[in-house]
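Please look over the sequence and the structure before reading on.

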Amino acid sequence: FSSLDDGNNDGFAAKLRVNQNIIKSDSLWILNVNIDADIINKNYETIQRLYRAEFNRDWNLENPLGNQALLSSGLELVHPKKGLASYQFEHLNYSENFNGNKHNVFANLQFKDVNIFSNSSILNNKSSLSTSTFVRTFNRVTYNFAKQWVGTRIALEDNEQRDRETDLLTSLSQRFNSYEVFTGIGDSTGVFVEVGYKHRVNDSLRDNQVKRVNTSNTYYVKSKIIQNKNTNLGIYANYRKLKNEDETIEDENSLNSRLNFNQKLWNNLVLLNTVFETNSGTLAQQDFTYVGVEPGQGAYTWIDYNDNGIQELNEFEVAQFTDEGEYIRVLLPNQVFVKTHQNRFSQTVTINPQQWAVSEEKSKKFWSHFYNQTSYLVDRKNRREGEEFDLNPFSTSEENQLALNKSIRNVLFFN
């Protein structure tokens, strides 16, 4: 109930939205116009997020200050069978340090067997620290015939941000171009197989210029091999070859895949779920040291095994008694990452005889009160060397093993 700092206790926000049909022709094409306005006082704080998580990146926002005004207006052309196309202009202002304008063009149109999807935007903004231009576009064209389809995707981003004082590019400046072709057969909502190829070029900031840093070629397959009321089998695999422009950096190959199998047996009495995943990535190489604390406040003790009076990492042991705990282990920050390949296998078996609850047999009625689930998991990370991938999650070799997690769990319910 203190009156101190009461000057910013009150905040307000308002939203206005107007939609109007302008043209409604006999061909079912409808032209709509819309106006949208968000006014938010700088003292207004929300419990939940107002905008999507990418809002700051979409506008290149850096610590915006002051009252917010987001104004937008646009046109939308809609057809119940052929889809829609729209143009939207947005203006975002923070009263103390930001002003930006963005143009958005969106289309999702169906012309017989051809589907065209496009989502593009151009942003120009100016803040107290920087100015920027941000161009983004994603486009897809798909042609369907019989139970097959073929298509292409083109995507790019070009973000150029300059410091107002020095006119130098900031670290947010980057660019990429991506080109993809794909084809598939089957029903994309049922049983299907799709294969594709994607070429991507990445540019990043080097010597105050946005230069090419690497290119990648990706080959992938995604499929649903079996899908019915009792069995479900899906496979996804992605193989990427990354080539770096800097000859001192090694080229990198990676493999990511997932197999998911579900099976129902004996009228849902037994449920089986199998998941096998492989992932290529990196793992931070953790360095640590031991720091002395008050006796009893730590978890480790130092034993000078070689009597040289020097604390060495292999001389610290877990304290057997509380009063011996005079050291804690502290992780050190570093920028060293180790290339890894991860294999993860999990198997779950569920027995659920609940359906027997209506049975006249006493034994089945008794077992219907039970529910049992058994799970097995093995998650292994290995050091990746060269272009080889160890896909065996049950491998016993510890030569390149960096991390291993094995668990068996059983849960039994009686109701």
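## Terms and basis

A salt bridge is a side-chain nitrogen of Lys or Arg within 4 Å of a carboxyl oxygen of Asp or Glu. The model is predicted, so local features need pLDDT of at least 70 and side-chain atom pairs count only at pLDDT 80 or more, while totals for chains, interfaces and linings use all residues. Residues are numbered from 1 along each chain as its sequence is written, and side-chain values use heavy atoms, without hydrogens and water.

## A salt-bridge network

R52, E54, R57, D58, R136 and E157 are linked in a network of salt bridges. Within it, the side chains of R57 and E157 meet at 2.6 Å, N to O. This pair links distant parts of the chain, with R57 in helix 1 (residues 55-59) and E157 in strand 8 (residues 148-163), 100 residues apart; helices (H or I, at least four residues) and strands (E, at least two) are DSSP runs, numbered from the N terminus. E157 is buried at 10% relative accessibility, whereas R57 is partly exposed at 35% (buried means under 20% relative accessible area, exposed over 50%, partly exposed in between, with a 1.4 Å probe and protein chains only).

## Bridges between strands

D203 in strand 10 (residues 192-206) and R175 in strand 9 (residues 174-186) are 28 residues apart, and their closest N and O atoms are 2.9 Å apart in a salt bridge. D203 is buried, at 9% relative accessibility, and R175 is partly exposed, at 25%.
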